[in-house]
Amino acid sequence: MRLKNKIAVITGAGGDIGKAIADRFSEEGAIVIASDIGLDAGKSTIESLVENGAEAQFIQTDITNPADVEALMKKVKEQYGRIDILCNNAGVNSDEKKLPDVSFEEWQQVVDVNMTGVFLGMKYAIPHMNSGSSIVNVASIAGIKGQKLVAAYSASKSSVIALTKTAATEFGRQNIRVNAVAPGIIDTKMVDSWRALDKWEILSTANALRRIGQPKELANAILFLASDESSYITGETIVIDGGTLNL
Ligand SMILES: NC(=O)c1ccc[n+]([C@@H]2O[C@H](COP(=O)([O-])OP(=O)(O)OC[C@H]3O[C@@H](n4cnc5c(N)ncnc54)[C@H](O)[C@@H]3O)[C@@H](O)[C@H]2O)c1
């Protein structure tokens with residue numbers, strides 16, 4: 001029960017990684033507030049938690065909309081009095097193309113969700129946090145290495161790492177910790193469009209462990225950063241990629 005009675009907000013909770021985070025947080029005793037732009041997926045995430053007797057609710061939120069995000073955090077504060085954990089997990093991928101072929105609209109959409117969404121999540125959650133609260137932002141190894149053909153995705157995830165360090169520095173004195181995870185390839189809907197490609201076998205096993213990562217393996221690391229077990233870690237980005245960056 002590493003998160004017993006902690007109030008945990010998870011964005012993008014209708015996705016595969018979001019669901020795995022919600023499951024792990026709930027198993028460890030957290031009260032889960034799952035948010036997502038998708039109504040059905042978000043609701044289905046909390047159904048199994050509630051069936052198992054856990055306290056959880058879904059609040060539909062577009063993470064790119066400041067009024068929506070402010071309303072989400074206010075509602076949690078009104079209902080529970082505080083926010084202990086925020087996991088900024090909502091994200092979208094870029095379609096693969098070279099930088100000059102990326103339209104301004106495509107760029108804007110990816111940056112809005114992946115970068116501005118993380119900014120808005122922290123902007124509206126931090127005022128409701130206290131000493132001991134923890135934020136975990138989901139970046140990507142694309143934000144470390146600058147992956148070819150996904151300029152907006154790489155740039156936005158790099159920004160997540162920078163925002164993490166900025167917020168960690170600003171709120172360390174209040175003992176609010178801010179960390180990030182940088183996953184490699186994880187077995188979720190986000191990579192579905194690549195599964196039919198000839199290069200899929202190579203792409204999904206191009207790491208030291210020679211296999212794709214599972215959502216739960218990422219969720220376990222996020223749980224560690226969200227919990228008091230990581231109490232002296234802040235401003236860090238933990239790479240969870242099966243050794244991809246080391247090859
Ligand atoms: N799957 C991977 O290989 C991989 C690798 C590195 C990083 N990540 C990151 O992990 C996170 C989760 O991705 P996933 O693989 O579970 O993908 P996913 O597509 O299964 O889930 C993403 C979720 O984000 C939600 N979302 C999208 N736009 C939103 C918005 N405007 N407001 C609120 N919610 C919104 C979607 O509805 C979806 O439920 C993302 O930030 C992603 O970039 C994934």
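Guide: Angles under 35 degrees count as roughly parallel, over 145 as roughly antiparallel, 65 to 115 as roughly perpendicular, and the rest as oblique. Axes are lines fitted to C-alpha atoms, for helices over the stretch in contact, and angles run from 0 to 180 degrees between N-to-C directions. Helices (H or I, at least four residues) and strands (E, at least two) are DSSP runs, numbered from the N terminus. The model is predicted: local features need pLDDT of at least 70, side-chain atom pairs count only at pLDDT 80 or more, and totals for chains, interfaces and linings use all residues. Residue numbers start from 1 along each chain as its sequence is written.

Two packed helices are described by the angle between their axes and the distance between the axes. Take helix 3 (residues 66-80) and helix 4 (residues 104-125): their axes are 9 Å apart, at an angle of about 40 degrees. Helix 3 and helix 4 are therefore oblique to each other. Their crossing is right-handed; a crossing has that hand if the near helix is turned clockwise from the far one by less than a right angle, and is left-handed if anticlockwise. Pro66, Val69, Glu70 and Met73 of helix 3 meet Leu120, Gly121, Tyr124 and Ala125 of helix 4, where contact requires C-beta atoms, placed from the backbone, to lie within 7 Å. This contact has six nonpolar residues, one polar and one charged. Ala, Val, Leu, Ile, Met, Phe, Trp, Tyr, Cys and Pro count as nonpolar, Asp, Glu, Lys and Arg as charged, and the others, Gly among them, as polar.

Helix 4 also packs with helix 6 (residues 151-171), where the axes come within 9 Å and cross at roughly 15 degrees. Helix 4 and helix 6 are therefore roughly parallel to each other, and their crossing is right-handed. On the helix 4 side the contact includes Trp107, Val111, Met115 and Phe119, and on the helix 6 side it includes Tyr153, Lys157, Val160 and Leu163. By class, the contact holds 12 nonpolar, three polar and two charged residues.

Elsewhere, helix 1 (residues 16-27) packs with helix 8 (residues 215-226) at an angle of about 50 degrees, the axes lying 8 Å apart. That makes helix 1 oblique to helix 8. This crossing, too, is right-handed. The contact divides into nine nonpolar, one polar and three charged residues.

Helix 1 also gives the largest share of the shell around the ligand, three residues. Of the 29 residues around the ligand, Gly12, Gly15, Ile17, Gly91 and Thr188 come nearest; a residue counts as near if its C-beta atom, placed from the backbone, lies within 6 Å. The shell comprises 13 nonpolar, 12 polar and four charged residues.

Seven strands form an open sheet with parallel pairing, in the order 3-2-1-4-5-6-7; two strands pair if DSSP finds at least two bridges between them. Strand 3 (56-60) and strand 7 (237-240) are the edges, each pairing on one side only. Neighbouring strands are turned by 20 degrees against each other on average, direction ignored. Helix 2 (residues 39-51) packs on the sheet, touching strand 2 and strand 3, and its direction makes about 175 degrees with that of strand 3.

Conventions:
Contact = placed C-beta atoms within 7 Å.
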